[in-house]
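Trainee: Could you take a close look at one part of this model for me, the sheet and what packs on it? Please go through it in one piece.

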Amino acid sequence: MGANKSGGCGLLVLVVVGALLAVGYYKSKHDSSTAPPSGADTGGGSGRYVALGDSYTSAPRTGKQSGSPAGCARSDNNYPHLVSAKLKPAKFVDVSCSGATTDDLSDTQSTRKGSNPPQFDSVTADTTLVTLGIGGNDVGFIALAQSCVTAHESASPCKDRLTAGGKDQLADRISDTAKKVGTALDQIHKKAPKARVVVVGYPTVLPDGDGCWPVLPLGAGDVAYLRDALGKLNDALSDQAKSHDAGFADTAEPSKGHDVCANSDVKWVEGVVPTSSAAALHPNARGEAGMAGAVESVLGCRGGRS
């Protein structure tokens with residue numbers, strides 16, 4: 001990693017740059033986001049920004065189709081595009097793809113409409129910024145949410161099945177996923193040694209409390225179980241970022257109160273039946289803007305989104 005420059009941001013506050021160089025990491029007001037170590041400049045017409053990730057990054061149906069293959073459902077106003085518009089790098093490449101797992105970073109991913117080359121292919125030696133939003137599909141959260149649907153408000157079929165015998169299968173999946181993310185970060189640094197790297201966490205999907213059955217047809221026990229599991233995944237992603245020379249953009253804290261049970265005019269994540277054009281159980285345009293704001297904050301950009 002280059003140690004003489006801080007990542008550019010177009011509207012970067014010079015005082016913040018000094019603070020970054022002095023302390024190495026920037027803590028957000030919620031003390032969970034961290035800036036990446038200093039590296040090559042990105043922004044104001046310089047640098048190369050590459051976005052890697054799954055559907056929470058590609059943001060299906062939140063904007064116009066961007067790039068190929070069409071099966072990646074990559075939106076032109078997902079958080080990478082919004083961050084790029086703020087930074088104004090010389091080059092921007094978004095290879096995020098719906099359904100991606102950590103395996104698809106190094107392997108070709110088949111979709112219903114074409115194949116996405118290995119996402120790592122876009123990480124080159126001249127890359128100066130990488131954002132990585134991955135891990136949810138390794139754990140299987142979307143498929144789980146669909147299989148947990150119940151007609152009984154107090155039921156917890158998923159928790160009962162996944163913790164049977166005293167072993168928490170989700171906890172094991174999260175642990176395995178964390179190791180894969182750590183390996184991925186090592187690969188990114190190897191391929192792009194000058195780049196600043198930011199791991200982007202997942203927003204708050206489920207509310208505190210029992211949920212909003214039957215609008216969200218999950219029993220209270222499974223709401224709590226899945227909410228806690230997603231929190232554990234975010235903690236694991238944060239830990240991997242810190243131990244592998246990367247920053248972490250916490251999107252869970254700023255999205256509290258904007259979950260699937262929130263009113264349609266404030267929610268960041270859609271429910272089982274979307275109230276916007278976005279995909280079910282995925283961030284909408286408002287959510288992607290909020291996630292962009294979290295990334296911009298750890299990069300030292302002024303005027304973060306909300």
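Mentor: Helix H9 (residues 220–243) lies across strand S6 (196–200) and S7, at about 155° to S7. Angles here run from 0 to 180 degrees between N-to-C directions, with axes fitted to C-alpha atoms, for helices over the stretch in contact. H10 packs on the sheet too, touching strand S5 (129–133), S6 and S7, and its direction makes about 150° with that of S7; contact means heavy atoms within 4.5 Å. Helices (H or I, at least four residues) and strands (E, at least two) are DSSP runs, numbered from the N terminus.

Mind that this is a predicted model: local features need pLDDT of at least 70, side-chain atom pairs count only at pLDDT 80 or more, and totals for chains, interfaces and linings use all residues. Residues are numbered from 1 along each chain as its sequence is written, and side-chain values use heavy atoms, leaving out hydrogens and water.

Now the sheet itself: 5 strands make an open sheet, ordered S2-S1-S5-S6-S7, with parallel pairing. Strand S2 (91–94) and S7 are at the edges with a single partner strand each, so one side of each has no neighbour in the sheet. On average, neighbouring strands are turned by 20° against each other, direction ignored. Two strands pair if DSSP finds at least two bridges between them; strand S1 (residues 48–53) and S2 have 4, in the parallel sense. Tyr49, for one, has Phe92 in S2 as its bridge partner.
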